[in-house]
Amino acid sequence: MAIDPTRICINRKIAPALSIDAFFALVAKLGLQHVELRNDMPSGKVTDNLSHTEVVALAKKYGLNIVTINALYPFNQADDALLAKAEALLKEAQALGVSALVMCPLNDGTKISTDETVAALQKLAPLFARYGIKGLVEPLGFPISSLRSAVQAQALIKQAGAPFEILLDTFHHHLYEHAEEEFEQGIDINGIGLVHLSGVEDARPVAELTDEERIMLSAADRLHSVQQVARLERMGYRGLYAMEPFSSVMESWQAADIEREIRQSIALLQA
């Protein structure tokens with residue numbers, strides 16, 4: 001297995017201490033072409049204090065493609081406030097030339113029925129179509145999540161008749177206890193629009209893992225993200241893989257630390 005670097009994407013979550021300019025410069029220095037932006041960075045804004053025009057110019061300067069904005073939450077509780085939030089993010093995605101918006105389900109222990117999730121997808125689909133933005137539904141594997149299964153997410157998208165795809169995350173796949181038994185027989189590989197990668201070395205029980213334990217890939221990774229990638233490749237996936245660690249340890253990382261970690265993770269995907 002050797003993943004071409006043109007298929008590697010870097011999520012801005014890895015660089016909370018870097019400006020957008022510095023983050024873009026680092027990704028370009030690594031010879032990579034794809035990035036993800038977020039609305040949960042320290043500034044609380046997708047573009048920090050920059051205008052959309054300035055960010056588009058920076059992406060052009062560094063030869064980068066902004067793949068997604070993370071994330072619309074909670075997409076499956078589609079009340080007026082959520083729809084307003086969706087429209088604001090879709091306008092921002094359109095202004096930035098972003099192709100997709102990530103959609104995460106409610107993750108606080110509240111049950112959301114499959115009918116409610118289908119209805120939410122049906123409500124959101126015309127809005128996404130109006131702005132020409134793709135929707136990527138990301139199941140969250142946490143025990144308190146209202147949508148944990150990638151296979152179920154694809155089934156609900158199909159039931160809704162929505163043109164969405166799923167975002168498959170190797171961390172959340174590992175957290176969902178039925179993921180392995182469902183995956184090979186039930187997943188539609190062509191319905192996966194993006195894959196998020198991270199690693200975990202922490203020894204606590206799987207059900208107790210949180211975003212704080214998510215680091216970059218390593219030989220000791222309990223998620224077996226490299227093996228998950230190998231299976232996806234064997235099944236025919238040819239999309240992008242985005243590095244998305246979450247741990248607060250990255251708040252102290254400087255550009256050199258980030259560059260080292262990305263290079264090490266990419267090397268593991270070339271083995």
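Okay, let's start with β5, helix α5 (residues 150-160) and β6, which make a right-handed β-α-β unit. Right-handed here means that, with the strands pointing away from the viewer, the path from the first strand over the helix to the second runs clockwise. Helices (H or I, at least four residues) and strands (E, at least two) are DSSP runs, numbered from the N terminus.

Quick housekeeping: this is a predicted model, with local features needing pLDDT of at least 70 and side-chain atom pairs counting only at pLDDT 80 or more, while totals for chains, interfaces and linings use all residues. Residues are numbered from 1 along each chain as its sequence is written, and side-chain values use heavy atoms, with hydrogens and water left out.

Back to that unit. β5 and strand β6 (residues 165-169) pair in the parallel sense, over two bridges; pairing requires that DSSP finds at least two bridges between the strands. Val137 has Ile166 in β6 as its bridge partner. In the loop between α5 and β6 you'll find Gly161. Is Gly161 buried or exposed? Gly161 is exposed, at a relative accessible area of 62%. For the cut-offs, buried is under 20% relative accessible area, exposed is over 50%, and partly exposed is in between, with a 1.4 Å probe and protein chains only. From Gly161 to Thr210 it's 49 residues in sequence and 33 Å in space, C-alpha to C-alpha.

On the other pairing of β5, strand β4 (residues 100-103) and strand β5 (residues 134-137) run parallel over four bridges. Val102 sits opposite Leu136 in β5. To get from β4 to β5 the chain goes through α4, and that β-α-β crossover is right-handed.

Now over to β1. Strand β1 (residues 8-11) pairs with β2 in the parallel sense over three bridges, and Asn11 stands opposite Glu36 in β2. The chain crosses from β1 through α1 to β2, again as a right-handed β-α-β crossover. β1 also pairs with strand β8 (residues 241-243), in parallel over three bridges, and there Cys9 has Ala242 as its bridge partner. As for the side chains, in a regular strand they alternate between the two faces of the sheet. In β1, Ile8 and Ile10 point one way, Cys9 and Asn11 point the other way, and all are buried.

Which brings me to the inside. The largest nonpolar core has 73 residues, and those with the most contacts inside it are Ile14, Phe24, Leu72, Leu121 and Phe164. By nonpolar core I mean buried Ala, Val, Leu, Ile, Met, Phe, Trp, Tyr and Cys residues joined through side-chain atoms within 4.5 Å. Helix α4 (residues 114-131) gives the largest share of this core, eight residues. Take Leu72: leaving aside neighbours within four places in sequence, its contacts include Leu82, Leu89, Val102, Cys104 and Phe128. Contact means heavy atoms within 4.5 Å. Another core lies apart from the largest one, with 18 residues, among them Val67, Cys104, Phe142 and Val200.

Next, helix α2 (residues 52-62). Val55, Leu58 and Ala59 are buried there. Looking down the axis of α2, its buried residues fall within an arc of 100°, so they line one face of the helix; the arc is that of the directions from the helix axis to the C-beta atoms. What do those buried residues pack against? Against α1 (20-29), β2 (34-38), β3 (65-72) and α3 (80-96). Thr53, Lys60 and Lys61, on the other side of α2, are exposed. After α2 comes Gly63, whose phi is positive, near 70°.

Last stop, Ser218, in the loop between β7 (192-197) and α8 (225-235). Ser218 counts as buried, at 18% relative accessibility. Not counting residues up to four places away in sequence, Ser218 touches Glu201 and Leu268.

That's my tour, thanks.
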